[in-house]
Amino acid sequence: MHIGVRITPATDPTVATLALRAEAAGFDSVWLSERVATPLENHPYDPSVDPWIALSYVAALTTRVKLGTCVSQIAIRHPVIMARQLATLDRLSGGRVIVGAGAGWVHEEFTSTGVDYDTRGGRLAEAIQVIRHLWSEPEKGWDGKHFQVPPIKIVQPASAGGPPFFLGASNSRGLRRAALYGDGFISVGLTPDKLAVTAQRLGERRAAAGRRSDFPIFCQVDPPESA
């Protein structure tokens, strides 16, 4: 079992101080969340700093901890830009990146960036495929439903095959997407019983798709109020 720490809010240089303390305490990973934009009123979350820039800042000061997002709306960005950004951080951190990604649910994140909200799930699934393609054979180009990329050269990550993708989901379509395209799963607010059911469903979907590789599950839980 590996235990990480989610740092929030990560809005000032203390994010690096907290990451260093987590590394010194023996934690395996540090995680940042992402909220690109939010409505002006009646929303439970505040906008966040860009987690990939903040993790680059953390990477420069740490040496061991994995660097992940829980989660980032990677499909709002074009996959060529995202592939280069992730490969850059992976190279400069020595292969410590975990790409935690989700389809998103806040309309303003999409309307404010000019991205179609209704196709967000399909865009995420294809974006992951495009990014992996760019990390393996970018010279062949990509012609998909949402993205078209000509044959190109692009910087490659340090990790073999590129950083892993951990997908978050809260419905059946999201679970199917995680099973088909994810290297791991990020759960939020699930009881042990519900987590066991979710893990079983993911396993069944992965088996049906012929996916037999390891599939870690990252469980987000609140720390106890007292030790």
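**Close-up views of a predicted model**

**View 1. Surroundings of helix H5.** The buried residues of H5 pack against H3, strand S4 (97–101), strand S5 (142–143), strand S6 (148–149), strand S7 (165–168) and helix H6 (172–181). The model shown here and in the views that follow is a predicted one. Helix H5 itself covers residues 120–134, and its 15 residues reach 20 Å from the first C-alpha to the last, which is close to the 21 Å expected at 1.5 Å a residue. Because 11 of these 15 residues are buried, H5 is largely enclosed by the rest of the structure. The buried positions in H5 are Gly121, Arg123, Leu124, Ala125, Glu126, Ala127, Ile128, Val130, Ile131, His133 and Leu134.

**View 2. Packing of helix H2 on helix H3.** Two packed helices are described by the angle between their axes and the distance between the axes. For H2 (residues 51–61) and H3 (residues 79–93), the axes come within 10 Å and cross at roughly 10°. As an angle under 35 degrees counts as roughly parallel, H2 is therefore roughly parallel to H3. The crossing in which H2 passes H3 is left-handed. On the H2 side the contact is made by Trp52, Leu55, Ser56 and Ala59, and on the H3 side by Met82, Gln85, Leu86, Leu89 and Ser93. Sorted by class, the residues of this contact are 6 nonpolar and 3 polar, with no charged residues.

**View 3. Packing of helix H6 on helix H7.** The axes of H6 and H7 come within 9 Å of each other and cross at roughly 55°, and that angle makes H6 oblique to H7. H6 passes H7 in a crossing that is right-handed. Ser172, Leu175, Arg176, Ala178 and Ala179 of H6 meet Thr198, Arg201, Leu202, Arg205 and Arg206 of H7. In the contact of H6 with H7, 4 residues are nonpolar, 2 are polar and 4 are charged.

**View 4. Two cis peptide bonds in loops.** Most residues other than glycine have a negative phi, and most peptide bonds are trans. The bond that joins Thr8 and Pro9, however, is a cis peptide bond with an omega of about -10°, and Pro9 is found in the loop between strand S1 (4–6) and helix H1 (14–24). A cis peptide bond also runs from Cys70 to Val71, with omega near -5°; here Val71 lies in the loop that connects strand S3 (66–69) and H3.

**View 5. A positive phi at Asn42.** In Asn42, a residue other than glycine, phi has a positive value near 55°. Asn42 is found in the loop between strand S2 (29–32) and H2. With a relative accessible area of 79%, which is over the 50% cut-off, Asn42 is exposed.

**View 6. The loop at Ala209.** Ala209 is found in the loop that lies between helix H7 (192–208) and strand S9 (217–220). Its relative accessibility is 40%, so Ala209 counts as partly exposed. From C-alpha to C-alpha, Ala209 and Gly68 are 26 Å apart in space, and in sequence these two residues are 141 residues apart.

Methods
Residues are numbered from 1 along each chain as its sequence is written. This is a predicted model: local features need pLDDT of at least 70, side-chain atom pairs count only at pLDDT 80 or more; totals for chains, interfaces and linings use all residues. Side-chain values use heavy atoms; hydrogens and water are left out. Axes are lines fitted to C-alpha atoms, for helices over the stretch in contact, and angles run from 0 to 180 degrees between N-to-C directions. Helices (H or I, at least four residues) and strands (E, at least two) are DSSP runs, numbered from the N terminus. Angles under 35 degrees count as roughly parallel, over 145 as roughly antiparallel, 65 to 115 as roughly perpendicular and the rest as oblique. A crossing is left-handed if the near helix is turned anticlockwise from the far one by less than a right angle, and right-handed if clockwise. Contact means heavy atoms within 4.5 Å. Ala, Val, Leu, Ile, Met, Phe, Trp, Tyr, Cys and Pro count as nonpolar, Asp, Glu, Lys and Arg as charged, and the others, Gly among them, as polar. The expected span of a helix is 1.5 Å times one less than its number of residues. Buried means under 20% relative accessible area, exposed over 50%, partly exposed in between (1.4 Å probe, protein chains only).
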